[in-house]
Amino acid sequence: MKKSRIYYSILFLLTIFLGILSRKIPQVPLITGDFLYAVMIYLLVRIVFTDKKALYVIMTSLLICYSIEFLQLYQGNWMIELRKTLLGRYALGQGFLWSDILAYTLGIAFVFCIERIVLKYTNQASA
């Protein structure tokens with residue numbers, strides 16, 4: 001369990017780096033950052049809940065991503081001010097887009113599939 005937390009944490013930090021980098025390179029489509037954001041959330045949920053089944057991690061990750069996206073519809077003054085900060089902009093986003101919902105869904109599906117493939121391969125190698 002501790003070993004897997006370390007691996008997921010390293011992947012989490014790498015995903016943050018790639019997500020920030022994707023926003024700095026104009027040739028990278030904007031949806032890439034949202035895709036990586038969902039991957040990051042999945043990894044974070046996996047770090048916190050190492051013993052939970054995959055369905056729990058998927059549903060929790062989707063709930064977090066969708067909630068943050070729908071929260072962008074709220075335009076209270078304090079929320080607008082929070083979104084003007086660097087961390088607020090990265091964590092909460094700027095405006096609601098259905099394409100972000102799609103990117104989150106695809107990102108979580110992608111990281112789940114990769115996780116299953118890697119776990120299957122490592123379990124076969126250790127057997």
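Predicted model: local features only at pLDDT ≥ 70, side-chain atom pairs only at ≥ 80, totals over all residues.
Student: Let's start simple. How many helices and strands does the protein chain have?

Tutor: There are six helices and zero strands. Going along the sequence, the pattern is α-α-α-α-α-α. The C-alpha atoms fill a box of roughly 55 × 30 × 25 Å along the principal axes.

Student: What makes S61 buried?

Tutor: Its relative accessible area is 0%. Buried means under 20%, so S61 counts as buried. You'll find S61 in helix 3, which covers residues 54-71.

Student: Which residues does S61 touch, leaving aside its neighbours within four places in sequence?

Tutor: S61 is in contact with I41, Y42, V45 and I108.

Student: I41, Y42 and I108, you say. Which residues have the most contacts inside the largest nonpolar core?

Tutor: They are Y37, I41, Y42, L43, C65 and I108, in a core of 19 residues. Helix 1, helix 2, helix 3 and helix 6 (98-126) each give two or more residues to this core. Helix 2 gives the most, with nine residues. As a general point, nonpolar side chains tend to be buried together in soluble globular proteins.

Student: What does L43 touch, not counting residues up to four places away in sequence?

Tutor: L43 touches Y8, L11, F12, T15 and V111.

Student: L11 again! Which residues form the nonpolar patch on the surface?

Tutor: L11, L14, F17, L18, L21 and I25 do, with about 500 Å² of accessible area together. Take I25: its place is in the loop between helix 1 (2-24) and helix 2 (30-48).

Student: Why is I25 called partly exposed?

Tutor: I25 has 33% relative accessibility.

Student: Now the charges. How do you know that R46 forms a salt bridge with E115?

Tutor: Their closest N and O atoms are 2.9 Å apart. The rule asks for a distance within 4 Å, so the pair counts as a salt bridge. R46 sits in helix 2 and E115 in helix 6, 69 residues apart, so this pair links distant parts of the chain. Both R46 and E115 are buried; for E115 the relative accessible area is 7%.

Student: Which residues are joined with E115 into one network?

Tutor: E115 also meets R116 in a salt bridge, at 3.6 Å from N to O. R116 is partly exposed at 34% relative accessibility. Salt bridges that share partners join R46, E115 and R116 into one network.

Student: What about E81 and K84: how far is it from N to O in their salt bridge?

Tutor: It's 3.2 Å, and the cut-off is 4 Å. The chain's count comes to four salt bridges.

Terms used:
Residues numbered from 1 in each chain as written. Heavy atoms only, no water. Helix = DSSP H or I, 4+ residues; strand = E, 2+ residues; numbered from the N terminus. Buried < 20%, exposed > 50% of the residue type's maximum accessible area, 1.4 Å probe, protein only. Contact = heavy atoms within 4.5 Å. Patch = residues over 30% accessible without salt bridge, like charges linked within 9 Å, V, L, I, M, F, W, Y side chains within 5 Å. Areas by Shrake-Rupley, 256 points an atom, 1.4 Å probe, with all protein chains shown as cover. Salt bridge = Lys/Arg side-chain N within 4 Å of Asp/Glu carboxyl O. Core = buried A, V, L, I, M, F, W, Y, C linked by side-chain atoms within 4.5 Å.
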